[in-house]
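Welcome, and thank you for taking a look at this structure. Please keep the sequence and the 3D view open while you read, and follow along residue by residue.

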Amino acid sequence: MATVEKLQEEASCSICLEYFQDPVSIHCGHNFCRACITQCWGELATNFSCPQCRQTAQQRNFRLNRELTNMVELVKQLKLPPMTEPEAERVCEKHREPLKLFCVEEQQLICLVCRQSWAHGAHAAVPIEEAAQKYKEQVKARLQALKEEREKLLGFKLTGERMSWEYVEKIKKERQRIGFEFQQLRQFLEEQECLLLARLEELDRIMKWQKEMVTRFPMDISHLNSLISELEGKCQQPASDFLEDIRITLSRCEMFQQPTGISLELEKRLSDFSQKTIALKETLRKFKANVTLDPDTAHPQLVLSADGKGVRRGHEQQDLPDNPERFNSVLSVLGREGFTSGRHYWEVEVGVGGIWSVGVARESVRRKGRMSNYPEQEIWAVGHWGGQYRAYTSGETILPLPTIPRRIRVSLDYEGGRVAFFDVDNKFLIFMFPPASFTGERLFPFFLAGSPLRLCP
């Protein structure tokens, strides 16, 4: 009987626990019903995991197992051999009578004597076969529910594995992209450094040449003084004496060469070098945004500085027109300039303590009424509120900063959908929001100024 039961076990699918239907072998050699393993893997595109041994394959690989199909048909025809000895009948420990009834209230086996006793006389009792059949149906129903729950959990597991793999790949690609971009930037800076240093060396050579020429000027001046005196004396001689060696005299006048002037060439080279340096500085500063505050968006109680770089909370609310773009309940103001592409950053001086926040907001941000939650209003910001530094996520993440920031850099990567914040003085990342889709909408610098804020020059 044990052998037959072993065959029946080998002919059963480990997923549905029933005889194999259209059995297939997968990459690790284990067998399953085609429908069971197909449902188990669902819509996976890679990382196919065996439900039995957890071995993973990158490609879906089914092989019809005809031998197992034939074996299943043979096992179905087998029947358990009859028992050589009947199973010993269980008896009541108290009355030594066979246990033929099941007490429904007490849920225990009883004998006929127990049935007539005071303990069970008022209880409902049924034959054990009938009770077993009823409870088997309940157990089978629960067993089916457990199988379905197992299938759900298995599906969640496979989905989680797939999502984990996808996130790992995304992080890997993002790391490669960042590495590649910084490699290009480093290469560009190295090339510019070599070019500018080479130009400086060339300027050094020109300066040395000019310096050498300047040191020769006193000798040339002395020689010219002697020649001038000699020619002045020559001009005082009689005509015959003057003309006697006129060829030599003229030759001596022509022998002296004026030094080549290089001041203009040096000035031109220095001008070219300055232009190259300025161009490099502009390249490095191309991400720096020149942000000024937009007075048309400022809350009436906010006071903006004359240069549009600072904002503070006033003592009284100003009498300003309630135009559609103005905030009327939150002490906020937007930057004048918006962004629809590219990378940009700006730096803000913040106070110690107080109430403030800085970040980025969509053009469609709610201006009127109370803003209950920043992300729901499509604002990405960090700030200080209730004595703590926070990132205004859906749950207002508390930021345990190692130092108190005095100057914060807001960094926007529009195409990458990223908004990040850095402590400029202490050079560390404060917080980075998960990637978002800006969907082509204009983004503006955002400021909440319960305490003074100022944009850095």
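Gln107 sits in the loop that joins strand 6 (101-103) to strand 7 (108-110); helices (H or I, at least four residues) and strands (E, at least two) are DSSP runs, numbered from the N terminus. Gln107 has a positive phi of about 50° although it is not a glycine. Most residues other than glycine have a negative phi. With a relative accessible area of 52%, Gln107 is exposed; exposed means over 50% relative accessible area, buried under 20%, and partly exposed in between, with a 1.4 Å probe and protein chains only.

Before going further, please note that this is a predicted model, in which local features need pLDDT of at least 70, side-chain atom pairs count only at pLDDT 80 or more, and totals for chains, interfaces and linings use all residues. Residues are numbered from 1 along each chain as its sequence is written, and side-chain values use heavy atoms, with hydrogens and water left out.

Asp22 also has a positive phi, of about 55°, although it is not a glycine. Asp22 belongs to the loop between helix 1 (2-10) and strand 1 (23-25), and its relative accessibility of 40% makes it partly exposed.

Now for the chain as a whole. Its secondary structure comes to eight helices and 21 strands. Of the 457 residues in the chain, 31% are buried. Among contacts (heavy atoms within 4.5 Å) with a separation of 6 or more, 58% join residues 24 or more positions apart.

Gly369, in the loop between strand 13 (356-362) and strand 14 (379-385), is 40 residues from Ser329 in sequence, and their C-alpha atoms are 5.6 Å apart. Not counting residues up to four places away in sequence, Gly369 touches Asn328, Ser329 and Val330. Gly369 is partly exposed, at 24% relative accessible area.

Pro452 lies in the loop between strand 20 (443-449) and strand 21 (453-455). Between Pro452 and Ile355 there are 97 residues of sequence separation, with 9.0 Å from C-alpha to C-alpha. Leaving aside neighbours within four places in sequence, Pro452 is in contact with Val311, Arg312, Glu349 and Gly351. Pro452 is exposed, its relative accessible area being 53%.

Here are the loop residues side by side.

| Residue | Loop lies between | Relative accessible area |
|---|---|---|
| Asp22 | helix 1 (2-10) and strand 1 (23-25) | 40% |
| Gln107 | strand 6 (101-103) and strand 7 (108-110) | 52% |
| His120 | helix 4 (112-115) and strand 8 (125-127) | 9% |
| Gly369 | strand 13 (356-362) and strand 14 (379-385) | 24% |
| Pro452 | strand 20 (443-449) and strand 21 (453-455) | 53% |

His120 counts as buried at 9% relative accessibility. Beyond its neighbours within four places in sequence, His120 is in contact with Cys103, Glu106, Gln108, Ile110, Cys114 and Arg115.

How many disulfides are there? The count comes to zero, a disulfide being a pair of cysteine sulfur atoms within 2.5 Å. Cys114 is in no disulfide, and the nearest cysteine sulfur, that of Cys111, is 3.5 Å away. Cys114 is buried, with a relative accessible area of 10%. Cys13 is in no disulfide either; the nearest cysteine sulfur belongs to Cys33, 4.0 Å away. At 1% relative accessibility, Cys13 is buried.

Next come the nonpolar cores, each a set of buried Ala, Val, Leu, Ile, Met, Phe, Trp, Tyr and Cys residues joined through side-chain atoms within 4.5 Å. The largest has 36 residues, and those with the most contacts inside it are Trp346, Val348, Val358, Val419, Phe421, Phe447 and Leu453. Phe421, leaving aside neighbours within four places in sequence, has contacts including Val358, Trp380, Val382, Ile408 and Ile430.

Finally, what lines the largest cavity? Its lining consists of Trp356, Val382, Gly383, Tyr389, Leu399, Leu401, Pro405, Ile408 and Ile430. On a 1 Å grid over the protein atoms alone, a cavity is a set of points where a 1.4 Å probe fits but cannot get out, and lining residues have an atom within 4 Å of a point. The volume of the largest cavity is about 30 Å³, counted as the space filled by probe spheres set on the points, with grid points joined across faces, edges and corners.

Note on methods: On a 1 Å grid over the protein atoms alone, a cavity is a set of points where a 1.4 Å probe fits but cannot get out, and a pocket is an open set with protein on both sides within 12 Å along at least five of seven lines; lining residues have an atom within 4 Å of a point.
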